[in-house]
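Please keep the viewer open as you read.

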Amino acid sequence: MVLLKGHGPAGFVFYTNEESAKGAQLAANPRAALLFHWKSLRRQVRIEGSVERVAAADADAYFASRSRDSQLGAWASDQSRPLDSRATFERRFKEVQQRFEGADVPRPPHWGGYRVLPERIEFWSDRPHRLHERRLFERQDGGWCEGLLYP
Ligand SMILES: Cc1cc2nc3c(=O)[nH]c(=O)nc-3n(C[C@H](O)[C@H](O)[C@H](O)COP(=O)(O)O)c2cc1C
């Protein structure tokens, strides 16, 4: 699960540690599917497409908007790699606090954003007796074509 931090005609943006498990997976295969599920509304939206890196200036701007402790955490965390004890992480966090004391925290080089460029967007809505509706939009010749899928 990641936070969706931007959306628009250019695509859907999230931020993470590029050396995390998902970062390594995206480096090997820069494609992703995003799933948004609203249980109470009985709806979901699935978006599939290729993935590109967000421009450094945009990642800098978003990183600067985060709380200072989140910024420090991005430096202290080797996201997705084994951690021997919580105390190690807390010690690393304190070291980073001291390192940047009295200064702005810069964006770590391994932390950035990814943009999913949608090729397929499927709107799923629940219907009684599992007779659900699935409406699919697919990129075609610079536009979108629309169709239905069996549930
Ligand atoms: C509500 C919620 C929001 C999250 N948002 C992010 C996020 O924006 N970026 C991120 O890297 N991890 C986020 N996480 C943590 C990820 O789900 C995940 O644990 C982490 O990115 C490591 O995943 P990986 O080992 O598959 O790379 C969030 C978790 C939750 C529960």
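For charge counting, Lys and Arg are taken as positive and Asp and Glu as negative, with His and the chain ends not counted; each charge is placed at NZ of Lys, CZ of Arg, CG of Asp or CD of Glu. On that basis the chain has 24 positive and 20 negative side chains, and the centres of the two sets lie 5 Å apart.

A word on the source: this is a predicted model, in which local features need pLDDT of at least 70 and side-chain atom pairs count only at pLDDT 80 or more, while totals for chains, interfaces and linings use all residues. Residues are numbered from 1 along each chain as its sequence is written, and side-chain values use heavy atoms, leaving out hydrogens and water.

**Overall fold**

The chain has 4 helices and 7 strands, where helices (H or I, at least four residues) and strands (E, at least two) are DSSP runs numbered from the N terminus. Along the sequence, their order is β-β-α-β-β-α-α-α-β-β-β. The radius of gyration is 19 Å, well over the 15 Å that the globule rule gives for 151 residues, so the chain is more spread out than a compact globule. That radius is taken over C-alpha atoms, and the rule is 2.2 Å times the number of residues to the power 0.38.

| Chain property | Value |
|---|---|
| Box filled by C-alpha atoms, along the principal axes | roughly 55 × 35 × 30 Å |
| Residues that count as buried (under 20% relative accessible area, 1.4 Å probe, protein chains only) | 32% of 151 |

**Two nonpolar cores**

A nonpolar core is a set of buried Ala, Val, Leu, Ile, Met, Phe, Trp, Tyr and Cys residues joined through side-chain atoms within 4.5 Å. In the largest one, of 15 residues, Tyr 15, Leu 72, Val 96, Phe 100, Val 105 and Trp 111 touch the most other members. Strand S2 (11-17) and helices H2 (56-65), H3 (68-76) and H4 (86-99) each give two or more residues to this core, and H3 provides the largest share, 4 residues.

Which residues does Trp 111 contact, beyond its neighbours within four places in sequence? With contact meaning heavy atoms within 4.5 Å, its partners include Tyr 15, Ala 59, Tyr 62, Phe 63, Arg 66 and Ala 74.

Apart from this core lies another, of 10 residues, among them Phe 12, Tyr 114, Val 116 and Ile 121.

**A residue on H4**

Lys 94 sits in helix H4. Its relative accessibility is 52%, so Lys 94 counts as exposed (over 50%).
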